[in-house]
Amino acid sequence: MSTMRSLTFDAIIIGGGGAGLRAGLELSQSGKKTAVLSKVFPTRSHTVSAQGGITCAIASADPNDDWRWHMYDTVKGGDYIADQDAAEYMCTEGPKAVFELEHMGLPFSRFDNGRIYQRPFGGQSKDFGKGGQAARTCAAADRTGHALLHTLYQANLKNGTVFLDEWYAIDLVKNANGDIVGVIALCIETGETVVVKSKATVLATGGAGRIYASTTNALINTGDGIGMALRAGLPVQDMEMWQFHPTGIHGAGVLVTEGCRGEGGYLVNKDGERFMERYAPNAKDLAGRDVVARSMVLEILEGRGCGENGDHVFLKLDHLGEEVLNKRLPGISELSKTFAHVDPTNAPIPVVPTCHYMMGGIATNVHGQAIAQNEDGSDRIVNGLYAVGEVACVSVHGANRLGGNSLLDLVVFGRAAGKYIESALNEGVEYLEPTQSDIDAALVRLNRWNESESGESVPELKRELQQIMQNSFGVFRQEDKMEEGVKQLSDLRERIAKAGLSDKSQVFNTARIEALELDNLMEVAEATAIAALTRKESRGAHSRYDFPDRDDENWLKHSLFFPNEKRVGKRDVNFAPKTVERFEPKIRTY
Amino acid sequence: MLQVSIYRYNPETDTAPYMQEFQVDTQGRDLMVLNVMEMLKEQDSSLAYRRSCREGVCGSDGMNMNGKNGLTCVTALSEVVKDNKLVLRPLPGLPVVRDLVVDMSIFYKQYERIQPYLLNDTPAPAIERLQSPEDRDKLDGLYECILCACCSTACPSFWWNPDKFVGPSGLLQAYRFLADSRDTATKERLSELDDPFAVFRCRGIMNCVAVCPKGLNPTRAIGKIRELLLANAT
């Protein structure tokens, strides 16, 4: 492959969603030669689907709001395995990051006094859980992600960021010292493969909800960054922690924002009962998402589900009135009509918990630097590699993310990584140039697919993978089902290794991309499965019938999945915020 | 069985585009067009098209379905199929890369041309810039654009002058910033648009309004820009 072209940038950002664009903006503003490489045109990234808002203590709805309350909610919401230094950083830097977005032009909804509109979201409180429900989620109607993503793309255009649109990252290039020095990438339009060299490779590839059969996630959410990290031999953290959003539209899986409940909507079972009052007497429908999702599943399992098959519950919005629906939730009305054939002004929306968000990912510090582990269990920075957004596990979300915290995570840590990389580049970093064999190592799987003769088809294998995950690693989990799932995945891995790509053309070959994505889905699914089997407790989104209680003695820890040995280790949770007292683990109720 | 006729062209092997016929068993379900395409791709993995969010917000899958532009992921068969037949073609007027994938460069170029970002020459305050709900309301119907290009590629004026006429999508965005009380560059923006082509090639055909999958009205926005241009004329 001596003819392969190489491109060189100060920083290469892989992924053009909110996190990647925010990092790209910071770096291009600093004058660094920065490229954002994305498999879709940036505004097609999954950030665009975020609806309800970005949670941040900007003290608009409540002038006395306090970032410490937001931090408390975040740590509690994460069932105490969120890193408190990271949660502190996010909640203190958040207001700056949100005001910057507004200054860039983000069309936030407004209060009468002209300030940014904020709505209540799940798991929010005043005064460290003692002051009742807070309204802390800044919104642009129910299209906040769309508004945020377009605004960031526009800001990057203004600042001259280089875009490699519709390029697909295949694997990380690692030098002899184990530093990450770039990535192999494929131009989808031409089929050309190049090596992109850089002193800072930023993974901003988003989530991987497509490992499940039913998900709110875009078709592109295939865990490409997780796959690349695992194939580079790096560990990933807390992969058993998957959020099931309470309100995916039954059948279609399309998301209906938690903002619906924030604006006053609520869930009912087939008897018309507002059942969340039984499970979460204080917060009711605005309890943590894990709590609400479990309650819904219990209602369905106990025979109080709605519909012919009793397999969903209803989200009631009609009492809010047309004005609120049109003004605050216009996108929801549209989606509901399209995908549930229901007009929420006069009928409830059928909803069911649906895979939504990956709390786990590549462990990082607050600067976005990727972290692996030394043999003695201490952290080891992976030189040259950064991760931001959903692919990262910094970890602000712990075992369960609060609504509205993902958009904040994207902009706060995209920005932080950009700033850190800028200063690191200014101080000067030198890594060994990759050798031809380093580059060849990153080309192995592309070559495998390109040389495959015949074999099972990609869509069929993908469907099986999604079914295994859906059956064995859903809202509730148990040992025997998970063991069976792990075994099935192990068989599936062997079959995928022999699967075939029949279309070998160069120009816009989407079959090749889907094959490469399947490899990544497999990596994510396996890490999830083995980590879930190993964590023998229930915490946040990870609920086990056989271990129903939280076990702080053994599992007040991050899990760390090591791909080479397929082993799960532990990593300490940070309990050392810089400016406030740490929040001690308490029983988590809403 | 649904009869589906699809535009095919692979520049590596085909000298000219052609229509390929497929039969799809929908089992009587009112699927979205995108679901049908996924079924077809399982029959023939070489079929190329773009898709991402599958819920009508990312704008990837603009396409011409039985003669009308729209998003395949939010268009139910019952809305477009006539006589049990579905004809899928790439968005009109743009170069075809492969099958249903078009080269959108000129569309994006027209978007970039209108400076699609807030320009404000006053120092930013420590908090957000204030904006009244009434002023914010002026952005409704404008900021929701998803850049799917359904409108611009349905516009005869854009077909003729894609390099000089900004097109409905770009002009909708131009007005989105002109209408923003926080933007201070109205004069500059208008002077950039003040030529015989950029805005005035719009002939009020309103295909853009008829096809916009988000229910937006570029023609109205263009009318507003015309008014501003006329008011500012010397």
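Visitor: Why is R231(A) called partly exposed?

Guide: In this predicted model, R231(A) has a relative accessibility of 28%. Buried means under 20% and exposed means over 50%, so at 28% R231(A) counts as partly exposed.

Visitor: What is R231(A) in contact with, beyond its neighbours within four places in sequence?

Guide: Contact means heavy atoms within 4.5 Å. By that test, R231(A), which sits in helix α5 (residues 224–231) of chain A, touches I170(A), D171(A), R445(A), D519(A), N520(A) and E523(A).

Visitor: What makes the pairing of the side chains of R231(A) and N520(A) a polar contact?

Guide: A polar contact needs a pair of N or O atoms within 3.5 Å, one able to donate a hydrogen and the other to accept it. The contact between these two side chains is at 2.8 Å, so it falls within that 3.5 Å limit. Here is one more distance for R231(A): its C-alpha atom is separated by 9.0 Å from that of A442(A), although the two residues are 211 residues apart along the chain.

Visitor: How do you know that β11(A) and strand β14 of chain A are paired?

Guide: Two strands pair if there are at least two bridges between them. Six bridges join β11(A) to β14 (residues 349–358) of chain A, and the two run antiparallel. Within them, F244(A) stands opposite C355(A).

Visitor: What is the order of the strands in that open sheet of chain A?

Guide: The four strands follow the order β11-β14-β13-β12, with antiparallel pairing. β11 (242–249) and β12 (266–268) of chain A are at the edges: each has a single partner strand, so one side of each has no neighbour in the sheet. From one strand to the next, the twist averages 50°.

Visitor: Let's move to chain B. Which strands stand at the edges of its open sheet of five strands, and why?

Guide: The order there is β2-β1-β5-β3-β4, with mixed pairing. β2 (18–24) and β4 (68–71) of chain B each have a single partner strand, so each is left with one side lacking a neighbour, and these two stand at the edges. Neighbouring strands of this sheet are turned by 30° against each other on average, direction ignored.

Visitor: Why are the buried residues of α9(B) said to line one face of the helix?

Guide: The buried residues are P218(B), T219(B), A221(B), I222(B), I225(B) and L229(B). Seen down the axis of α9(B), they fall within an arc of 155°, so they line one face. They pack against α6 (167–178), α7 (186–193) and α8 (207–211) of chain B. On the other side, R220(B), E227(B), L230(B) and A231(B) are exposed.

Visitor: What caps the N-terminal end of α9(B)?

Guide: N217(B) does: one of its side-chain oxygens lies 3.2 Å from the backbone nitrogen of T219(B), and the limit for a polar contact is 3.5 Å.

Conventions. Residues are numbered from 1 along each chain as its sequence is written. Chains are lettered from A and ligands numbered from 1 in the order in which they are written. This is a predicted model: local features need pLDDT of at least 70, side-chain atom pairs count only at pLDDT 80 or more; totals for chains, interfaces and linings use all residues. Side-chain values use heavy atoms; hydrogens and water are left out. Axes are lines fitted to C-alpha atoms, for helices over the stretch in contact, and angles run from 0 to 180 degrees between N-to-C directions. Buried means under 20% relative accessible area, exposed over 50%, partly exposed in between (1.4 Å probe, protein chains only). The arc is that of the directions from the helix axis to the C-beta atoms.
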